[in-house]
Amino acid sequence: MIEVPAILRGPAPFGARTAPNRFFAQPMEGNDGENGGCPSDRTVARYAALGRGLWGVAVVEASSVVSDCLARVNQLILEGRNLDGFKRLVGAYKEANPDGILLFQITHSGRKGLGGTVPTTLYEPGPAGARLLDTAEIDDIRRRFVAAARIAEQAGADGIDFKMCHGYFGAEMLRPANNRADGWGGSFGNRTRFLRETVPEVRAAAARADFLVGARISMYEGIRGGCGTATADELVEDLTEMGRVVELMASLGMDYVNVSAGIPGETSEITRPVPQGRWFYLQHIRYSKLVSELLGAASKTSGRRKPAVIQSAFSILKADALELAADCVGRGYSDFAGFGRQEFADPETPAKLLRGEEPRWCVCCSGCTKLMVSQVNDGCSFYNEYYKKLLTAKPGV
Ligand SMILES: Cc1cc2nc3c(=O)[nH]c(=O)nc-3n(C[C@H](O)[C@H](O)[C@H](O)COP(=O)(O)O)c2cc1C
């Protein structure tokens, strides 16, 4: 019988709320929305299954704040016209897991816009075919983030997650390479203006005082001038500036920092370690530890509650993830153990573990990634027949 360390089983503070345990379901795109980004029956069923998993906290996958720049053809779009669909998704999740916390990740796909929509860029050079965003468009995107957060709350979400990671619009904003001259690039102040202005507006617009606001960041993207480097033309990791971003998040009163790294599709293995290069999970420990230290120091100075820290990339470790997660929490390196691919392999992972049962462990075969890249519905192609068939039907995938 599998034993879950006590430190992971127990309740944990999360902003003004308490999560029933320290298992954290990371946002995972399923690319199965319908009718212009509305959660479909398949989407709702996926979240009902995740609800049965009794995760302490779960994040609904990257949902776009616009419909003209999407990373997936069937990406969820968090606009008012889809409110009923999102209510259905939250209802299904909460029916199974009423005590669990449910967040919505909100995003603009930026350079990663695909699937019949046009990618955008904040600075030149952008990827082939990308349109340079003008100042008015950035303001509009910002307003849409605020509007999307309201819709998330109306749908029943407990909070939102700004997607500032993985090479999307939010990450592009933060990069030293963002050299815009219109007040949205150049200095550190301008590159963090999006967070500084949008977070207070989201808070002010929220009806609930305990509505949770946090963000997911890539501490190091692994590209020249990317997040986690010192200058626009530097490739070598330097976390000084991302440390300042983390301190800024604390000063804005954000409830949590979801610590990630890399850019899927560019420096993919940094984000999600694979069996041939599993050791990148060690870097995720280092990133979380640094974030936790900075937040601890900031909270000592300000007297404010310390934002919760979520550590990523546990799936590669299978059952060994439990011991490592308990150790990291015990040492104060992180507060929650974030699993991505494992939730596709077995959405009921925590519930099974807490009952002493072995879940279906993710084999990190990259099947879900291949499905996502080929723009079809994605999920676990190793254990789930529907996705297995989709993968075999896709020659060249
Ligand atoms: C198919 C797929 C979809 C993903 N979708 C998202 C997403 O919507 N938002 C996000 O921040 N990360 C996304 N990720 C990254 C995961 O949340 C996670 O950080 C990554 O898989 C590493 O964790 P793991 O090793 O536990 O899988 C996705 C990853 C995969 C493989």
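Guide: Helices here are DSSP runs of H or I with at least four residues, strands are E runs of at least two, and both are numbered from the N terminus. Keep in mind that this is a predicted model, where local features need pLDDT of at least 70, side-chain atom pairs count only at pLDDT 80 or more, and totals for chains, interfaces and linings use all residues. Residues are numbered from 1 along each chain as its sequence is written, and side-chain values use heavy atoms, with hydrogens and water left out.

Now back along the helix. Helix 10 runs over residues 280-302, which makes 23 residues. From first C-alpha to last it reaches 33 Å, close to the expected 33 Å (1.5 Å times one less than the number of residues).

Which side chains are tucked away? The buried ones (under 20% relative accessible area; exposed is over 50%, partly exposed in between, with a 1.4 Å probe and protein chains only) include Phe280, Tyr281, His284, Ile285, Tyr287 and Ser288. Further along, Val291, Ser292, Leu294, Leu295 and Ser299 are buried too. An α-helix has 3.6 residues a turn, so residues three or four places apart point the same way.

And what sits over those buried residues? The cover, counted by contact (heavy atoms within 4.5 Å), includes helix 8 (240-251), helix 9 (268-271) and helix 11 (320-330). Strand 12 (256-260) and strand 13 (308-311) are also part of the cover.

For a last stop elsewhere, Thr192 is in the loop between helix 6 (188-191) and helix 7 (193-205). Thr192 is buried, at 2% relative accessible area. Leaving aside neighbours within four places in sequence, Thr192 touches Leu174, Val245 and Leu248.
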